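Please read it with the sequence and the model side by side.

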Amino acid sequence: MILVTTPTGRIGGQVLASLLDAGDAAGPVRVVVRDPARLAPQVRDRVETVTGSHADPDVMAKACAGADRVFWLVPPSLTADSVEGHFRAFTRPLVDAIQAQGVERVVAVSTLGRGVARHAGQISASLTADDEVRATGVHHRALCPPYLMENLLAQAAALREGGELAMAVPGDRVLRTCATRDIAATAARLLLDRTWTGQADVPLVGPDDLTPKGMARVVSEVLDRPVRFRPVDTEDQKAALLRYGATEAAAQGLADMMRALDDQDFYGAGVPVTPGTAPTGFRGWCEEVLKPAVLG
């Protein structure tokens, strides 16, 4: 049995859809979800549902009973009192379930930066979570993308109304990207394969060699309207997050993450592209995903 966490999320939902499309090759699929009503009826009828949070030890114990493979993702939070504590709250129930329930394989969404990222907020916390899971000895694959293209969807209104692409990274330095569809496809492939063993990272680095300014040019061409890049100071970004209700810890973690990306450049030009795991190009993604979100 395969257990899917975050089945209504952007990545988890795509993973679940791929597993259901695989039919008998996937076998039984179980999901752990806070609100089963958020699952589409055609999905709800085809999966076993455990209601609750996968940060709850009792929920995870129930969800992992009889499951040999787990898709695992720590959902982002802007209201956590501690970035490290947030990741730990989700990691410990998984670790306990692995040890008690006999889970064989875990496919987890992680990040690039292992061995390089230091004091990098949510990135550092994610990499530490991987280490804690791996300490159980479970077969483990960490899916490691750089900057997610879907992050730009939060700027749809700014692109539509002001023609502005704002990012807290240098505008003239290459920023590697990845589409969530490629993360989900790789996750589903690994979950359907019962032969891999050991523990390893799986980089997912898209084919583009674009700077943020270059991304703005591509977006401008796709939308057929002027789009300019606007650099954002990390302290200004933090202040904006606090105004929108983020906790001090969450906002500081994101500020630390963006500073680390600037100082340590582990999403930059030196990272090799991996077309086998991340084939989606930025322009194609903008045509298929960003343009409809901006223009309707």
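In this predicted model, the crossing of helices H3 and H4 is right-handed. The axes of H3, which spans residues 57–64, and H4, which spans residues 83–101, come within 9 Å and cross at roughly 40 degrees. Because an angle counts as roughly parallel under 35 degrees and as roughly perpendicular from 65 to 115, H3 and H4 are oblique to each other.

**The contact of H3 with H4**
- On the H3 side, Pro-57, Met-60, Ala-61 and Cys-64 take part, and they meet Pro-93, Leu-94, Ala-97 and Gln-101 in H4.
- Sorted by class, this contact of H3 with H4 comprises 7 nonpolar residues and 1 polar residue, with no charged residues.

**Val-232 and its surroundings**
- Val-232 lies in the loop between strand E11 (228–231) and helix H9 (234–243).
- When neighbours within four places in sequence are left aside, Val-232 is in contact with Ala-166, Met-167, Ala-168 and Gln-237.
- From C-alpha to C-alpha, Val-232 and Val-271 are 24 Å apart in space, while their separation in sequence is 39 residues.

**Helix H7**
- Helix H7, residues 180–192, has 13 residues and reaches 18 Å from its first C-alpha to its last, which is close to the 18 Å expected at 1.5 Å a residue.
- The buried residues in H7 include Thr-180, Asp-182 and Thr-186, together with Ile-183, Leu-190 and Leu-191, and also Ala-184, Ala-187 and Ala-188.

How values were computed. Residues are numbered from 1 along each chain as its sequence is written. This is a predicted model: local features need pLDDT of at least 70, side-chain atom pairs count only at pLDDT 80 or more; totals for chains, interfaces and linings use all residues. Side-chain values use heavy atoms; hydrogens and water are left out. Axes are lines fitted to C-alpha atoms, for helices over the stretch in contact, and angles run from 0 to 180 degrees between N-to-C directions. Helices (H or I, at least four residues) and strands (E, at least two) are DSSP runs, numbered from the N terminus. Angles under 35 degrees count as roughly parallel, over 145 as roughly antiparallel, 65 to 115 as roughly perpendicular and the rest as oblique. A crossing is left-handed if the near helix is turned anticlockwise from the far one by less than a right angle, and right-handed if clockwise. Contact means heavy atoms within 4.5 Å. Ala, Val, Leu, Ile, Met, Phe, Trp, Tyr, Cys and Pro count as nonpolar, Asp, Glu, Lys and Arg as charged, and the others, Gly among them, as polar. The expected span of a helix is 1.5 Å times one less than its number of residues. Buried means under 20% relative accessible area, exposed over 50%, partly exposed in between (1.4 Å probe, protein chains only).
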